[in-house]
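Today I'm looking up strands and aromatic rings.

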Amino acid sequence: MDEDALESSSEEGSSLDEPSWVSWFCMLRNHEFFCEVDPAFVQDRFNLYGLKEIVGPLYGEAMTMILGYAPTEKQLADPSQRIHKVLESARILYGLIHARYILTAQGLSDMKVKFKAHEFGSCPRTLCEKQTVLPVGLSDFVSHNGNNPMKLFCPKCQELYEHNVPNGNYIDGAFFGTTFPHLYLQTFSELMPQARTTTYIPRVFGFKVHKGGGDEQQKNRTLEEWPKRPKNEPMSDWDS
């Protein structure tokens with residue numbers, strides 16, 4: 001085998017050892033909520049409709065990045081490099097593609113694996129007994145100023161919770177959308193927990209604290225006031 005062939009094979013081997021951009025992105029801190037979107041889905045133009053206008057002028061470079069390999073430490077170390085601008089566009093583009101992918105049969109199945117592995121975390125409410133939560137957004141539109149952070153939806157208490165991770169990356173709620181958790185629970189109805197039956201009962205010295213009837217009466221009671229004296233009317237008979 002000649003030297004050119006050896007160099008060619010070594011380059012192929014090194015590229016095979018490099019993680020894809022998608023794998024690298026999903027392994028970032030606080031990105032355990034993302035699943036790896038099938039490359040075939042990413043390359044299907046039907047699934048990309050309308051995204052070019054949202055992502056902007058770096059759309060083409062962002063798409064090339066998503067379909068390529070992970071950036072090197074050297075590239076990421078220099079904040080002046082153009083790659084950081086492209087990386088931000090790639091983050092938005094992948095997030096919006098991800099929101100569409102997880103509504104497909106394959107995407108729902110991929111998220112089911114993560115749900116059953118408790119990768120999304122559990123409800124902070126004590127009486128929900130560590131019920132696994134689902135990621136959700138309050139808007140389907142990307143916020144460029146951080147006003148649409150991803151929330152956590154608990155299927156048991158039907159409440160939303162903040163997702164706070166120290167030094168964690170900001171995740172836009174649009175990357176999961178408003179539909180996902182509800183479609184997921186309709187698709188996999190066997191994973192829907194029973195409605196909560198236990199409620200916390202406040203007590204004082206062991207006795208239940210009744211919701212004060214006196215407070216309600218005070219709230220609903222109309223306070224009697226002295227009737228207002230008509231204008232120019234004498235204060236008393238002595239004033240006339």
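First, a definition: two strands pair if DSSP finds at least two bridges between them. Strands (E, at least two residues) and helices (H or I, at least four) are DSSP runs, numbered from the N terminus.

A note on what I'm looking at: this is a predicted model, where local features need pLDDT of at least 70, side-chain atom pairs count only at pLDDT 80 or more, and totals for chains, interfaces and linings use all residues. Residues are numbered from 1 along each chain as its sequence is written, and side-chain values use heavy atoms, with hydrogens and water left out.

**Entry 1: the sheet**

I looked up S2 (residues 151–153) and found three bridges joining it to S3, with the two strands running antiparallel. Phenylalanine 153 sits opposite leucine 160 in S3.

Then I checked the whole sheet: three strands, open, in the order S1-S2-S3, with antiparallel pairing. Which strands stand at the edges? They are S1 (134–136) and S3 (160–162); each has a single partner strand, so one side of each is left without a neighbour in the sheet. I also noted the twist, which averages 40° from one strand to the next. For angles, axes are lines fitted to C-alpha atoms (for helices, over the stretch in contact), and values run from 0 to 180 degrees between N-to-C directions.

What packs on the sheet? I found H9 there, touching S1 and S2, and its direction makes about 140° with that of S1. Contact here means heavy atoms within 4.5 Å.

**Entry 2: the rings**

A pair of aromatic rings is described by the distance of the centres and the angle of the planes. Rings of Phe, Tyr and Trp (its six-membered ring) pair if their centres lie within 6.5 Å; planes under 30 degrees apart are stacked, over 60 edge-to-face, and the rest tilted. I get 13 aromatic pairs by this rule.

Why is the pair of tryptophan 21 and phenylalanine 25 stacked? Their ring centres are 5.0 Å apart and their planes are at 15°, so the pair counts as stacked. Both belong to helix H2 (residues 21–26), and being four residues apart puts about one helical turn between them. Buried means under 20% relative accessible area, exposed over 50%, partly exposed in between (1.4 Å probe, protein chains only). Tryptophan 21 is buried at 0%, and phenylalanine 25 is buried at 3%.

Next I checked phenylalanine 180 and tyrosine 184: this pair is tilted, with 5.7 Å centre to centre and 50° between the planes. They are four residues apart in H9 (residues 180–187), so about one helical turn separates them.

Last, I noted one aromatic cluster, whose members include Trp21, Phe25 and Tyr94.
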